[in-house]
Amino acid sequence: MNPTLHAILVFLQTWWVELTSGVVIVAVVPLVAGYVVLVERKLMADMQARLGPMRVGPHGLLQPIADAVKLLIKEDIIPDEADRLIFWLAPVISMTAALTSMGAIAFGPSFQVARDINIGILFVLGVSSLGFLGIILGGWASNSHYSIMGALRSTAQLVSYETAGGLAIIAGLLLSGTLSISGIVAAQEKYHVWFIFLAPVAAFIYLVASIAETNRAPFDLPEAESELVAGYMTEYSGFRWALYFLGEYANMIVVGSIATTLFLGGWLRPFPNVHWLNWLDFLPALIIALIGVYSIYRAGKQPVMVQTGFMWAVALACFAVALIFAMPWFVGTLKFVIPGLNGAFWFLLKVSAYIYVFMWLRFTLPRYRFDQLMHLGWYILIPLAIVNVFAVGVAMLLESNGVNRWLALILTTLVTLVFAILLVRWHDRRTESASTASLAPDSYAG
Amino acid sequence: MQDDALQDNSTLLGADELILNMGPQHPSTHGVLRVKLKLDGERVRGTECVIGYLHRGVEKIAENRTYQQVAPYVDRMDYVAAISNGLGYCEAVEKLLNVEAPPRARVIRTILTELQRIASHLVWLGTHALDIGALTPLFYCMREREEILKIFEKYCGARLTTHAFRIGGLQYEAYDGFEKEVERFCLDFERRIQEYVDLLTGNSIWIGRTRNVGVLNAADCIALGASGPILRAAGVKWDLRKAQPYAAYDQYKFEIPVGTNGDTYDRYMVRIEEMRQSRLICLQAIEKIPEGAIMGKVGKVIKPPAGEVYHSIEAPKGILGYYIVSDASTQPYRVRIRPPSFINLQALDKMVRGHLVADVVAIIGTLDIVLGEVDR
Amino acid sequence: MADESKPPQESPKPENSGTAPAPPVAKTPVAPASPPTAKPVPPAPKPPAPVQVPLDNELTRRYRAKFGPAILDALEDRKQPYLVIAAAQLKDIALYSRDDEKFDLLEDFTAVDWPRREKRFDLIAILYSFSHNSRLRLKVGVAENERPASLVEVWPAANWLEREIFDMFGIEFSGHPDLKRILLPDGWQGYPLRKDYDILLQDSSWVRENLGIDSGQ
C-alpha cells in the first residue's frame, strides 16, 4: 500500500475520535450558541412582559437561522487603515479559543467531547483565556481610537476577573485533588455531595467572576450601547461580528460547564449515592415526557390550527426523546448507555440553569461603571478568593488530622464569610468618605 | 463662565485635553443634543452643549396665528407631556381674557394633567434606567403608560399631542366611564410603583451609579434657574402647585417630596414620590367632579384687550411659563415660552464637572430634558 | 373676572337685539332675547377700561426711593406688577432686586420687538421671590444698537437666556462671557423674532448657500 496513504489511515485510526469531535464542535456549537441567543431574547421578553421574536418560524424558532443568513450576506466592511490580516484574524482567534476549550469538557462519565485530558480544567481555562488575544487584536486592528480604548478596558476587566475566578477554582480543586474533569466529578461522587455545598464561597466567587469574564451584565460596560465608547466590536459588521458574538455565547457555555463540573456535580444526579432516591434516575425520561404532556395540553388551547399542529409536533418530539431516554431500561443490551445518557441530561440541565442565572441577572441589574467594576474585582473579590483558598486548605488539613469534614468546612466557610462582610463594610466606609468630585488622575484613563 | 474650562489646556500631567463629542445622534441624549466634553483622561473638566437641532420657531409662528391656532403648537414642545403644555397656554390666555374656566373643567384638567405627569415620569424612569443598564424597568413603565395613553385617546382622540384643552375650558365632555378607568388605573398603579422601587431603589449597583453623581445644591439650583424635581431634590420644598395654585390644585391634599443631597439618587426618589402624589391627587379628584358647564364665557373670536400676562405652571420637567403680549387683535403680538428643560440644561456643565465619562449619560438622563422643549 | 374687563366682542350684542325683526310671523331665526314687548334699549357699551393701572405700593415706593428717575413707570396689568426701568441702571436694579428684595429666581428673561417705537426692544425680566412668593416684571426699553449690561453675574441662569435674546433679536449684552447664537446655526444672518424679519427670504438664501439647492418655498 502507498506509505503516505498508510500513514494517513493510521493517523485517522488513532485520532478519529478527536477529529470527529472537532468537526462536531465546529458544526454544532455555533448553532447551539445561536439558539442560546434566541432563548435569551425570549427570556428577556418574558421578564419584560412582552413576547420576543415571534415572526420567523413558529414562535420565532427560526430566528437564529434568519439572523445567520442576514449576517452572512452583509457587506464586508473593513476600515480604511486597518491591518487586514489582524482584522481577519482577531474574531477567528476569539471563536477558536472558545470552541477548542470545549474539547476537554465532559458531558458524561465516558462522554468526553474530545478526550479526557488529565489536566482538563487547566486546559479549558488556559485555552479560553487565549480568547482575550482576539479582543485586543480586534480593538487594535480596527484603527479607531475608541475601539482600542474599549478593547483595553474589556481585557483589563477580563484579566482581573479571571484571576479571581482562577483562585475560586483552586478551592474546588483542593477538594477534588485532581485536575481532570472526570476525576473532579468522581471526587464529588465520592464525597456524596456537590462541591457547592462544601465550598459555597468559592462557588459564589466563581459565579461573579464568570459573569465578568463573559462580559455579561452587570459587567458589560465595555460593550454597552449607551457608553460613549462602543467597544472593540465597533468596526466589525456582518459575519465577523457574528463570530465575536457566537464566541461570547460559546464562552458562556464553557464557563457554565466549568462551574457545573466543579461545583454542581457535573453529570451526577442529585443525591447520587442515596440508594432510596434511585428512582431519580428515571427523572430525565419523566421530565421530558411531562413536557410532552404539557404541550398536548396547550395544543388544545391554541387559537389557530397551525399552532395546534406545532404543539402536537413538539409533544411528539418530546415523547420520542423520552423514549430514547427510557429505552435502555427495557432493552438489556443498551444498558451501558444509561450512565452516559442520563449524565448528559443532568449536565446539560445544570449548565442551562447556570446560563439562566446569567440571563436573569442581565435583565435585572443595572450596569457597573468601569471603575466600580475594577474596584469590585481587585479590592473585594481577589482578597476574598485568596482568603477562601487558605480557608479550604485549612479545612483539608483539619480533615486529614481527624476533624469531621463537614465541621471543618462549615467552620472555615463561616470564617470566610465573616471576612467578606468585614471587607465589604470597610470598603463602603472608605468610599463614603472619599469624594467623587476629586480631580485626581485616573489610573484607568485610556 | 463655562468656557473657562474649555480654554484651559493644562492638566495635571501637562497633557493636552481630549474633546469628546456626544451626539447629536446618540442613544442616550434623549433627542438631538450635542454635548462637547472636555476630558482629562477619564474625568470631565467641562462641557459645552450645542442645541438648536430641533428649533422650529414656535414663537415666531405664534405671532401669525390666532390664539386658538397656537394651542396645537405648544403640544409639540414637550411632546412627552403635551397636556401640561396645553394647560399652561390655555390658562395664560384665560388670564389675558380675564375669564375663568368653570369648576368642572378645572377638575377634569387637573386629573388629565396629573395623569400626564405620571406618564412623563414613567418615560423618564424607563429611559434613565435603560441608560444606566437596567433593561427591564423601561418595559414595565411603558406598560403603565399605555394605560394612561388609552385614557387620553378615549378622551380626546390622541395619545401624544393631545390638544386636550381649549381656551376657556374643555371641548370634550369626560366620556362615560372616565372616572372608573382613572380609578382603576390609580388603584393598580401603587403596586406597579412598588415594582420599580423593588428593582431599583435598594439595588447597590443603582445606588453606586446614582449616589453623589451630578450633585446640584439648592443655592446653585436657584441661581441657575433649575426648577422642578431638580430643585426639590436639592432640598427646597417648593412646588408651584402649592405656592400659587392653578386649575383645581388648591382643593386637593398632596405632599411635596424633597431630597437632601441634590444628587441623581435624590432626583430619582423625588420623581417616584411625585408619581405617588399625582396618583393621590387623581383619586381625590375623581371622587367629586363637579357638574356643570365645561366651557367658560369665551366667544368664537378671541381678542384680548391690549396688555401682557405671565402665567406659569408646574410641568413635570419644571416651571413652564408663558409670557403673552396682546395688541388687541386676534393674533398674539408675542408668545414667549419659558421652557424648563432649556434652563435646566444650563446646569449640566456644573453637574458634570469632575465626574467620569460614564456618569455623563446618567446626569443627562436625570435632568429629564426633552429637546422639543429646549429648542422649541 | 371683573365685568368691566370683558372683551369688546360683548358690545355688539345690544345692537343686534335692536335690529332683530319683531313680528313673530317671520320664519327667520329670531334672536330669542327679543320678546314682543319692547325692552329698554341697553345703554351704549362703555369703552373697555384700561387694563394697565398705575401701581403704588410699598414695593414700588422702595424702588423709587432707591433709584428715583431710573424707575420710569410702575404699572399693574391684570394684577401682575411690573416696573419700567431705564437700561443704564439695569444691573444695579437687578442686584438690588436679588439681594434686598429677595427676588432670587430669574424665572425668565426675554424681549419684545416694537419696531415703531424709538426704543425698539423691550427687555422683560421676570423675577420670582421664594420667600415672598411673589413675582415682579422688569421692563427695559432698549434701542436698536444699544448694549445693555449682562445679568449673568447677578443670576447665572441669564447665560443661555441672553444668548437666546441675542440669537432671536440681535441685542448684544456687554459683559456676557460667551455671546453667540444658541438655537440657530452659527452662520445664520438676521434675527428671526424681529418684526421686520422676512422668513422666506432668509430661508431661501441660507438653503441656497449651505445646501446648494433651491428652497421649495
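Guide: C:Arg194 pairs with C:Glu144 in a salt bridge, their closest N and O atoms 3.2 Å apart. The term salt bridge requires a side-chain nitrogen of Lys or Arg within 4 Å of a carboxyl oxygen of Asp or Glu. Between domain 1 of chain C and domain 2 of chain C the count is two salt bridges. This is a predicted model: local features need pLDDT of at least 70, side-chain atom pairs need 80 or more, and totals for chains, interfaces and linings use all residues. Side-chain values use heavy atoms, without hydrogens or water; residues are numbered from 1 along each chain as its sequence is written, with chains lettered from A and ligands numbered from 1 in written order.

The domain assignment puts 24-31 + 41-182 of chain C in domain 1 and 184-217 in domain 2. Such bounds come from an automatic or database assignment. In contact (heavy atoms within 4.5 Å) are 12 residues of domain 1 and 12 residues of domain 2.

The area buried between these domains is about 1,000 Å², and carbon and sulfur atoms give 49% of it. Buried area is the accessible area (1.4 Å probe) that two parts lose on being put together, summed over both. On the domain 1 side, C:Met168, C:Phe169 and C:Arg181 supply 53% of the area buried against domain 2, more than any other three residues.
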